[in-house]
Amino acid sequence: MARYRFEIDIAAPRERVFSMWVDLDRAPEWVEGLARYTDVSGPPDEAGTTYVARFGSWSSSTLTVLEAERPRYIRVALGSWLLRGENIANFEEVERGTRLIQEFDVRGIIPRIAGRIFATGSYRGSFRGELETFKQICEREEIK
């Protein structure tokens, strides 16, 4: 297993940041290549909810919310051949807004290689690049 951890401070209230994080309709704005989520079985911030990520004509395996505590924490199982494991996001109140701590626990040979590629650098499709885009969206909308 490989673990990747990223932190970013966002100048917006924790409840708003968490709500944006679990808004499956908005996720394509910061998740590179994601066209949409389909087959959503329930609220995206409730344990047991499942959904499928669509990247163009390709779909990943079903994602499953394992645990969620609004607006503090969400843990989701990922199960595609490319990226398999868990995505954990913690939302902490800080003086100027929210600290988002995202961890990826990646399992399997191919997913570990892909995880390493996505964890390196800050290009738009990297884990850090997607967090930067997410931050910009949250902060832009907080100003409105």
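**Notebook: core and aromatic pairs**

I started at I10 and listed its contacts beyond four places in sequence: V17, R96, G97, T98, L100, F134, K135, C138 and E139. I took contact to mean heavy atoms within 4.5 Å.

I noted the ground rules next. This is a predicted model, in which local features need pLDDT of at least 70, side-chain atom pairs count only at pLDDT 80 or more, and totals for chains, interfaces and linings use all residues. Residues are numbered from 1 along each chain as its sequence is written, and side-chain values use heavy atoms, with hydrogens and water left out.

**Confidence**

I looked up pLDDT, the predictor's confidence in each residue, from 0 to 100. The protein averages 86, and 83% of the residues score at least 70. Helix α1 (residues 14-21) has the highest mean, 97, and helix α2 (residues 109-119) the lowest, 53. Where pLDDT is low, the predicted coordinates should not be read in detail.

**Layout**

I counted three helices and seven strands. Both are DSSP runs numbered from the N terminus: helices are H or I with at least four residues, strands E with at least two. The order from the N terminus is β-α-β-β-β-β-β-β-α-α. Of the contacts with a separation of 6 or more, 45% are between residues 24 or more positions apart.

I then checked burial, where buried means under 20% relative accessible area, exposed over 50%, and partly exposed in between (1.4 Å probe, protein chains only). Of the 144 residues, 46% are buried.

**Strand β1**

I compared the two faces of β1. A2, Y4, F6, I8 and I10 are on the covered face, while R3, R5, E7 and D9 are on the uncovered one. In a regular strand the side chains alternate between the two faces of the sheet. β1 pairs with β7 in the antiparallel sense over nine bridges; strands pair if DSSP finds at least two bridges between them. I8 has L100 of β7 as its bridge partner.

**Core**

The core has 34 residues, and I10, W21, I74, F91, L100 and F134 touch the most other members. At least two residues come from each of β1 (2-10), α1, β3, β4 (58-69), β5 (73-79), β6, β7 (97-106) and α3.

**Aromatic pairs**

I searched the whole structure and found five aromatic pairs. The rings of Phe, Tyr and Trp (its six-membered ring) pair if their centres lie within 6.5 Å; planes under 30 degrees apart count as stacked, over 60 as edge-to-face and the rest as tilted. W21 and F91 have ring centres 6.0 Å apart and planes at 75°, so I logged them as edge-to-face. This pair joins distant parts of the chain, with W21 in helix α1 and F91 in strand β6 (residues 84-94), 70 residues apart. W21 and F91 are both buried.

W21 also pairs edge-to-face with F134, at 5.0 Å centre to centre and 90° between the planes. F134 is in helix α3 (residues 127-143), 113 residues from W21, and F134 is buried, as is W21. I recorded one aromatic cluster of F18, W21, W30, F91 and F134.

**A53**

I ended with A53 in strand β3 (residues 50-55). A53 counts as buried because its relative accessibility is 4%. Its C-alpha atom is 6.2 Å from that of R36, 17 residues away along the chain.

Terms used. Core = buried A, V, L, I, M, F, W, Y, C linked by side-chain atoms within 4.5 Å.
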